[in-house]
Amino acid sequence: MATIEILGIEKRYGDTSVLKNVSLSVEDGEFLTLVGPSGCGKSTLLRIIAGLEAPDAGALRIADRDVAKDRPKQRNVAMVFQSYALYPHLTVLDNIVMPLRMRRLTAAQRFPLLGRWMPGTRRIEREIRAEAEQVASILGVEPLLARKPGQLSGGQRQRVALGRAMVRQPAVFLMDEPLSNLDAKLRVQMRSEIMALHRQIGATFVYVTHDQAEAMTMSDRVAVMMEGELLQVAAPEQLYSDPDDLRVAEMIGSPQINAVPVHALNRQLCLAWQLSQDTAVAAFRPENAIITRPADAMLNGTVAVSEHLGADVFVHVRLDGDAGTIVIRTDRTSPRHTAGTAVGVSVEGRHVLRFDAKKKRCRPSQDHGALVA
Amino acid sequence: MTPLSLGTKGKVLRCVILSVTALFALLPFMWMLSLSIKTTPEIYQAHFHILPESFAGFDNYRVVFASAPMLRFLLNGVLVCAAIFMVQLLVCIPCAYALAKLRFRGRDTLFSAVLIALLIPPQVLSIPHFVLLYYAQLIDSYGALILPWIFSAFGVFLLRQFFSTIPDELIQAAQLDGMSEADIIWRVMIPMSAPAIASFGIFSLVSHWNDLFWPLIVLRRAELATPALGILLFRDDETGRQFGPLMAATATIVAPLILAFLLAQRRFIDGLTIHSVK
Ligand SMILES: Nc1ncnc2c1ncn2[C@@H]1O[C@H](COP(=O)(O)OP(=O)(O)OP(=O)(O)O)[C@@H](O)[C@H]1O
Ligand SMILES: [Mg+2]
């Protein structure tokens, strides 16, 4: 089993910097998810961990060993690719046994045609086959062993790709959006299967996705990445309630967090929310806002639309004074708000998250500064 | 299934056009076959029949195999073409792989060089090749027939284009599975590019089996002659002046090519169905 330590990794392709000083440490047996928008460098980071790509700067340690000079084969790392990357010309069984064949058989034993008659080849091949069949039975793909990948459904290919990664019992599993090609129902099912697999084999998992719901439900910790930078690495609950960066707050949670620019707020409200001088944006979650009568509130607006989604109702309120539109979550027992009615919005100060002009969080220690004049 | 649904008129028209074109392509071959089984007097008759009045096929073909070392020529052809194709694969596959999938400085320049080489007709190089072979004392040997062709710009180009379509993730997966570059070429690239290799094989086989120019330049000994040169030597022979045996000889050297093509065509289709996996 293995820890992964990433220290100040940089990667450039030509002039574009894809990874900027990325540092991250993953504990032994942890399930860490890398989440971020398309093109932010998630796959690049995975490929660097796997050794498929060399970083331009920085250090990488797996299981307390510097692996900078190790080839992918020597790193004890398995990877499941977004496209599954199964060998289309080989059967499912041959796909699954390939990593074992390449490791356990000597070059002479693997030699085309002649290798079969080298001493020991048959015994090793038998062992390898038995192990592959065991993995196949865990994943429920045993009946498919003789087929080619082209004859499998998406979910079955996904399992075979998992099997090929599992069969050599690696210390580290890297998964690059393994569920993105599946339909919604299968995705939910495979999600729990991967989590069960993680509990069962106890290896270290680094899982890449751009689906924040997947990240929140599956992982011990989530690393949020944007434009090649790690914005925050934390447990899912903490990421939701205590984000370090406005972009993290906006990415996690649905509907999105409400961000109101401070210059659009009146002085009274700034005092009530205890906004410090450097605060540029005040943000609060849709469930923390309450709709009141206009006269009782310091934040006023008109209802733009009400969305009824079964148990929840999302009320979109256009704020007065050009402060944008916010969403408020109410339940269906609360009174209906028709479009066009004037309403007040009330949010308790303790629910308000404060961010500065660089979108960084203004932490309470800084909040004691002078209030907005 | 037809992509466009044609009316009866369209179908008839299509059939006629195809038949006429096929006739144009096949007529010389039918003529050759027909002549190869006729007696000499019948060949010189004023009117032409496809089928002979008196069947002289056995005689003509017997003359070919008896008076000329036809088997020897065919064997030479097989040997030389097989050797050329094998060595070409040995050289072209790694080159194509490197140009398609490895990242190194100067790769694009090298690929441009291959494209330029594609434009140079082989005859242009015949004098330098001849001089090189002369200094290597290989003139009038199998080596002289094979060595100039071991690098095929067309082969590198075709295979590189095909290799480029194989996804990078597949190669990365192979690296993680523990394959070396040689393993990747042998276990992934070659099996997946069977159709491209087969088409390159047909191209190489046809051009070298039928090549008359180069063997004529570098060979002196008749026992090394390839089929095309063999026909030429046979024509100079006493019996070769007669059209019947001469056509029988040509039919004999064309037959293996057609056979090989039919076999490779099967392989083509197999290869394509294997590859249609996403
Ligand atoms: N070989 C390459 N050459 C040049 N640029 C590259 C290369 N590979 C990746 N990039 C660039 O690096 C950036 C990050 O790519 P990466 O594949 O890591 O993104 P990602 O976060 O995995 O995105 P996605 O969610 O779409 O898979 C992208 O802008 C991409 O264009
Ligand atoms: Mg990616």
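The exercises below, each with a worked solution, concern a predicted model.

**Exercise 1. The surroundings of ligand 1**

Determine which residues surround ligand 1, and how the residues of this shell divide into nonpolar, polar and charged.

*Solution.* 
Step 1. List the shell: Y13(A), V18(A), S38(A), G39(A), C40(A), G41(A), K42(A), S43(A), T44(A), R47(A), E177(A) and H210(A) surround ligand 1.
Step 2. Look for the element that gives the most to the shell. This is helix α1 of chain A, residues 42–50, with 4 residues.

**Exercise 2. Polar atoms beside ligand 1**

State which atoms of C40(A), G41(A) and T44(A) lie beside an oxygen atom of ligand 1, and give the distances.

*Solution.* 
Step 1. Begin with the backbone. A polar backbone atom of C40(A) is 3.2 Å from an oxygen atom of the ligand, and for a backbone N or O atom of G41(A) the distance to a ligand oxygen is 3.0 Å.
Step 2. Turn to the side chains. T44(A) places a polar side-chain atom 2.5 Å from an oxygen atom of ligand 1.
Step 3. Consider the surface of the ligand. Ligand 1 taken alone exposes 630 Å², and the protein buries 61% of that.

**Exercise 3. The setting of T279(A)**

Decide whether T279(A) is buried or exposed, and describe its setting.

*Solution.* 
Step 1. Locate the residue: T279(A) belongs to strand β12 of chain A, which spans residues 279–284.
Step 2. Apply the cut-off. A residue counts as buried when its relative accessible area is under 20%. T279(A) has a value of 6%, and is therefore buried.
Step 3. Identify the partners. The side chain of T279(A) makes a polar contact, at 3.0 Å, with the side chain of S276(A). Leaving aside residues up to four places away in sequence, T279(A) touches V262(A), R354(A), F355(A), D356(A) and C362(A).

**Exercise 4. The form of chain B**

Describe chain B by its helices and strands, its dimensions and its surface.

*Solution.* 
Step 1. Count the elements: chain B holds 14 helices and 0 strands.
Step 2. Compare the radius of gyration with that of a compact globule. For 278 residues such a globule would have a value near 19 Å, whereas chain B has 23 Å. The C-alpha atoms fill a box of roughly 70 × 65 × 30 Å along the principal axes.
Step 3. Examine burial and contacts. Of the 278 residues in chain B, 40% are buried. Among contacts with a separation of 6 or more, 70% join residues 24 or more positions apart.

How values were computed. Residues numbered from 1 in each chain as written. Chains lettered and ligands numbered in written order. Predicted model: local features only at pLDDT ≥ 70, side-chain atom pairs only at ≥ 80, totals over all residues. Heavy atoms only, no water. Near = heavy atom within 4 Å. Polar contact = N/O pair within 3.5 Å; in protein donor to acceptor, adjacent residues only side chain to side chain. Areas by Shrake-Rupley, 256 points an atom, 1.4 Å probe, with all protein chains shown as cover. Helix = DSSP H or I, 4+ residues; strand = E, 2+ residues; numbered from the N terminus. Nonpolar A, V, L, I, M, F, W, Y, C, P; charged D, E, K, R; others polar. Rg over C-alpha atoms; globule rule 2.2 N^0.38 Å. Buried < 20%, exposed > 50% of the residue type's maximum accessible area, 1.4 Å probe, protein only. Contact = heavy atoms within 4.5 Å.
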